[in-house]
Amino acid sequence: MSRIEESELIINPDGSVFHLHIKPGELAKNIILVGDPGRVDTVASSFDKTDYHSTNREFVSRTGTYKGTPVTVLSTGIGTDNIDIVLNELDALVNIDFESRTIKEEKTSLNIVRIGTSGSLQKDLPVDSWLLSHKAIGFDGLLNFYDGCEGICNLGFEKKLMEETGWSERLTKPYVVEASDKLFNLLDAPIVYKGVTISAPGFYGPQGRVLRLPLKDAQINDKLSAFRYEDERITNYEMECSAIYGLSKLMGHHAATVCAIIANRKAGAYSKDYKPVIKSLIQYVLDRLAH
Ligand SMILES: O=P(O)(O)O[C@H]1O[C@H](CO)[C@@H](O)[C@H]1O
Ligand SMILES: O=c1cc[nH]c(=O)[nH]1
């Protein structure tokens, strides 16, 4: 087994991994990812007890138990570039031996649930609802850097999407990846909307928002809302799901994203107060994980 060099897997003097500042053994198998560091204590406040905590940059974590089930909650900050750090370091914590710097023979598979906020692309998908992402479309391009990505992507969906939107050559190629069946089924319920989520590499132009700068394609959101692939439609925008789904699949972890819809882009509406919606979504996810 070849040794991973100091420059490739950076371990801090206290034995924790470079960005997350978490040590092997301090991570639960059930992981909740949130974008906002301020959301971490909203999750951890429901724990029976907290055993470990860490803070570095936007990466804040708490590990404890909820109704006896071990859970780690970790903030990712915004964007799929951060997800590259988070997923690689979470995987390293369980699947690389930090002493010998070698990949472990026996792999651990994590359950990763992202609880986020999102903007709807369909008029009938109201603000303050919950949406579970069956598929994610990465407008960010991150997964395209990893070998084997074609093997886990829906190439037919990608092709039709590029054809129907007149995808510009100047943009990175979109990739389409699925949630883990196991976690999707665990989080599914009649009150939860299901859909296909775009992860955008920005909040404004990349999600079709115009403040002062005009877009290259002013019709992009209309095209995306009208698009259909088999029986599925594109439902919402956020900024992390695609990379979580893609990297989890490549590394052998389970992942699902469930978001509170805080804006309806077609109706021009914004939630009056999304915090209680997120709070009840957190409770819902914790109860499902502890079931
Ligand atoms: O509320 P979070 O989890 O951060 O999710 C959404 O909110 C941020 C943008 O405001 C992006 O991270 C997007 O994905
Ligand atoms: O419209 C929205 C709302 C939340 N998060 C996003 O990325 N987009």
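Two residues are in contact if their C-beta atoms, placed from the backbone, lie within 7 Å. This is a predicted model, in which local features need pLDDT of at least 70, side-chain atom pairs count only at pLDDT 80 or more, and totals for chains, interfaces and linings use all residues. Residues are numbered from 1 along each chain as its sequence is written, while chains are lettered from A and ligands numbered from 1 in the order in which they are written.

**Exercise 1.** Find the residues in contact with Val113, leaving aside its neighbours within four places in sequence.

*Solution.* Start at Val113 and look for its partners: Ile32, Leu183, Ala256, Val258, Val285 and Leu289. Next, turn to the largest nonpolar core, which has 76 residues. (Such a core is a set of buried Ala, Val, Leu, Ile, Met, Phe, Trp, Tyr and Cys residues joined through C-beta atoms within 7 Å; a residue is buried if 20 or more other C-beta atoms lie within 10 Å of its own, with C-beta atoms placed from the backbone.) Val113 is among the residues with the most contacts inside this core, as are Ile32, Ile244, Val258 and Val285. Strand β13 gives the most to this core, with eight residues; strands (E, at least two residues) and helices (H or I, at least four) are DSSP runs, numbered from the N terminus.

**Exercise 2.** Explain why helix α7 is largely enclosed.

*Solution.* Take residues 241-251 and check burial: nine of the 11 are buried, so the rest of the structure largely encloses α7. Among the buried ones are Cys241, Ile244 and Lys249. Finally, step just past α7 to Gly252, which takes a positive phi of about 85°.

How values were computed:
A residue is buried if 20 or more other C-beta atoms lie within 10 Å of its own, exposed if 12 or fewer, and partly exposed in between; C-beta atoms are placed from the backbone.
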